Amino acid sequence: MSLKIEIHSFSYKKGGIPKDTSGNGGGFTFDCRGILNPGRIEEYKQQTGCDSGVQDYLETKTEMPGFLDLAKKMVSINIDNYLSRGFEHLQINFGCTGGQHRSVYCAEKIAVFVKEKYPQTQVTVQHDEQPQLNSSALKDH
């Protein structure tokens, strides 16, 4: 069995923290609300964390690079451990106010990181508040 890693972006105000259907009782939940919100800037309001303008804003005008680096380090500790112990499931959630900008960005970036560092895992991405991104997000990973 390989390790299945399920990554979610979500909104604290709308759907709340995603349920873990694996029976493990949950996994990581990272709160992105401490990062400046690009959704408060007019040109980014209709965009998501998959859009290059939002990504550039998060990478150059906020603390997002440091936040994401710390998340990668924390997640790696568990993935290494889970792989060595034969565990089958890990859930990683990123939440923000609306589930549109910061959490989507983090979910996408952590998915790329995990797939590159741990190619033996099965990674899925689910954008709970942005269903239009789900089919394209899964194809890109």
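Is D31 buried, partly exposed or exposed? I found that D31 counts as partly exposed, because its relative accessibility is 34%, where buried means under 20% relative accessible area, exposed means over 50%, and partly exposed lies in between (1.4 Å probe, protein chains only).

Before going further I noted that this is a predicted model, in which local features need pLDDT of at least 70 and side-chain atom pairs count only at pLDDT 80 or more, while totals for chains, interfaces and linings use all residues. I also noted that residues are numbered from 1 along each chain as its sequence is written, and that side-chain values use heavy atoms, with hydrogens and water left out.

**Entry: the outline**

I looked up the elements and found 4 helices and 4 strands in the protein chain, where helices (H or I, at least four residues) and strands (E, at least two) are DSSP runs numbered from the N terminus. Read from the N terminus on, the order is β-β-α-α-β-α-β-α.

I then turned to the dimensions, and wrote down that the C-alpha atoms fill a box of roughly 45 × 25 × 25 Å along the principal axes. The radius of gyration of the protein chain is 14 Å, which agrees with the value near 14 Å that a compact globule of 141 residues would have; the radius is taken over C-alpha atoms, and the globule rule is 2.2 Å times the number of residues to the power 0.38.

Of the 141 residues, 46% count as buried. The protein chain exposes about 7400 Å², and carbon and sulfur atoms supply 48% of that area, as computed by the Shrake-Rupley method with a 1.4 Å probe, where for residues only the protein chains shown count as cover.

For contacts (heavy atoms within 4.5 Å), I recorded that 75% of those between residues at least 6 apart in sequence join residues at least 24 apart.

**Entry: the charged pairs**

How many salt bridges does the structure hold? I found 4 salt bridges, the term meaning a side-chain nitrogen of Lys or Arg within 4 Å of a carboxyl oxygen of Asp or Glu.

One of them brings me back to D31, whose side chain meets that of R33 at 2.7 Å, N to O. R33 is also partly exposed, since its relative accessible area is 39%.

Another salt bridge joins the side chains of K109 and E59 at 3.9 Å, N to O. This pair links distant parts of the chain, with K109 in helix 3 (residues 102–117) and E59 in helix 1 (residues 52–61), 50 residues apart. I checked the cover of both residues: K109 counts as partly exposed because its relative accessibility is 28%, and E59 is partly exposed with a relative accessible area of 36%.

I next looked up K73, which forms a salt bridge with D69, the closest N and O atoms being 3.3 Å apart. Both K73 and D69 lie in helix 2 (residues 64–85), 4 residues apart, about one turn of the helix. D69 is partly exposed, as its relative accessible area is 35%.

Where is G99 placed? I located G99 in the loop between strand 3 (89–96) and helix 3, and it is buried, with a relative accessible area of 0%. Leaving aside neighbours within four places in sequence, G99 is in contact with F10, S11, V104, E129 and Q130. The C-alpha atoms of G99 and H8 are separated by 9.7 Å, although the two residues are 91 residues apart along the chain.

I found Q91 in strand 3, where Q91 is buried with a relative accessible area of 1%. Not counting residues up to four places away in sequence, the residues that Q91 touches include E6, H8, P18 and K19. From C-alpha to C-alpha, Q91 and D69 are 18 Å apart in space and 22 residues apart in sequence.

I ended with A107, whose place is in helix 3 and which is buried, its relative accessible area being 0%. Not counting residues up to four places away in sequence, A107 touches I7, H8, S9, F94, V125 and H127. A107 and V54 are 53 residues apart in sequence, and their C-alpha atoms are 14 Å apart in space.
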